[in-house]
Amino acid sequence: MPTITLMRHGLPDAPAGKWLTAHGFADWVRRYDAAPVTSACPPPAAALEQARPCGAVVCNDLPRSLSSAALLGVRPAQAALWLAALAARHGSVLLVGHGVFNRLLAHQLQRQGWQRQSAHARRHWSFCVLRHDSPAPCAARSQGVTVSPA
């Protein structure tokens with residue numbers, strides 16, 4: 001049964017938010033995007049156990065995404081089809097990304113027939129698992145979606 005795990009990235013090693021000017025906010029975003037994940041908040045055992053058996057891992061190239069392993073910059077509907085195609089190929093997929101984007105993806109996947117096995121939490125390293133009854137979920141709708149090898 002194909003499985004997709006949507007996991008929020010770890011806590012970035014970046015300054016906490018505070019009142020900022022517009023210029024200060026732009027600088028804060030640059031520092032936040034450049035920050036790796038802090039070693040003070042390692043992934044909990046449940047996150048490690050969920051990630052280990054996944055046949056493919058998806059993230060973007062921001063340091064916090066690479067260091068916690070995040071998919072950003074694509075539309076949720078397109079990403080959901082792409083993830084479904086990856087899950088059909090690999091059996092299980094781990095996406096490590098931003099919490100809000102993960103919730104948007106979960107909604108799109110549920111519209112495609114995926115069943116949520118756990119609720120989304122807002123904490124860093126929290127995750128949601130979705131499963132599909134079909135061995136090749138959304139195959140008809142995912143035609144034309146390019147899947148890169150893991």
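Below are my entries, grouped by what I looked up.

**Entry 1: the model.** I began by noting that this is a predicted model.

**Entry 2: the main core.** I looked up the largest nonpolar core and found that it has 19 residues. Which of them touch the most other members? I wrote down Ile 4, Leu 6, Leu 83, Val 93, Leu 105, Leu 109 and Trp 114. Next I asked which elements supply at least two residues each, and my list reads β1 (3-8), β2 (56-58), α4 (76-90), β3 (92-97), α5 (99-111) and β5 (127-131). Helix α4 gives the most, with six residues.

I then picked Ile 4 and looked up its contacts, leaving out residues up to four places away in sequence. Its partners are Leu 83, Ala 84, Ala 87, Val 93, Leu 109, Trp 114, Cys 128, Val 129 and Leu 130. Another core lies apart from the largest one; it has seven residues, and Met 7, Cys 54, Leu 94 and Trp 125 are among them.

**Entry 3: aromatic rings.** How many aromatic pairs does the structure hold? I found two. In one, the rings of Phe 25 and Trp 28 have centres 6.0 Å apart and planes at 20°, so I noted the pair as stacked. Both residues lie in helix α1 (residues 22-34), three residues apart, which is about one turn of the helix. Trp 28, at 17%, is buried.

The other pair is Trp 28 with Tyr 32: the ring centres are 5.0 Å apart and the planes are at 20°, so this pair is stacked too. Trp 28 and Tyr 32 are four residues apart in α1, about one helical turn. I checked burial here as well, and both Trp 28 and Tyr 32 are buried. My summary for the page is that ring pairs link Phe 25, Trp 28 and Tyr 32 into a cluster.

**Entry 4: helix α5.** I wanted to check the length of α5 against its residue count. At 1.5 Å a residue, its 13 residues should span 18 Å, and the end C-alpha atoms are 19 Å apart, which agrees. The buried residues I noted in α5 are Gly 99, Phe 101, Asn 102, Leu 105, Ala 106, Gln 108 and Leu 109. After the helix comes Gly 113, whose phi is positive, near 100°.

Entry 5: Where does Ser 92 lie? I found Ser 92 in strand β3, buried at a relative accessible area of 14%. The Ser 92 side chain reaches the backbone oxygen of Pro 53 at 3.3 Å. Leaving out residues up to four places away in sequence, Ser 92 touches Thr 3, Pro 53, Cys 54, Gly 55, Ala 56 and Ala 87.

His 132 is buried, with a relative accessible area of 12%. A polar atom of the His 132 side chain lies 3.5 Å from the backbone oxygen of Gln 112.

**Entry 6: cysteines.** I searched for disulfides and counted zero. I also looked up how accessible two of the cysteines are: Cys 41 is partly exposed at 24% relative accessibility, while Cys 128 is buried at 0%.

How values were computed. Residues are numbered from 1 along each chain as its sequence is written. This is a predicted model: local features need pLDDT of at least 70, side-chain atom pairs count only at pLDDT 80 or more; totals for chains, interfaces and linings use all residues. Side-chain values use heavy atoms; hydrogens and water are left out. A nonpolar core is a set of buried Ala, Val, Leu, Ile, Met, Phe, Trp, Tyr and Cys residues joined through side-chain atoms within 4.5 Å. Buried means under 20% relative accessible area, exposed over 50%, partly exposed in between (1.4 Å probe, protein chains only). Contact means heavy atoms within 4.5 Å. Rings of Phe, Tyr and Trp (its six-membered ring) pair if their centres lie within 6.5 Å; planes under 30 degrees apart count as stacked, over 60 as edge-to-face and the rest as tilted. A polar contact is a pair of N or O atoms within 3.5 Å; within protein, one must be able to donate a hydrogen and the other to accept it, and residues adjacent in sequence count only if both atoms are side-chain atoms. A disulfide is a pair of cysteine sulfur atoms within 2.5 Å. The expected span of a helix is 1.5 Å times one less than its number of residues.
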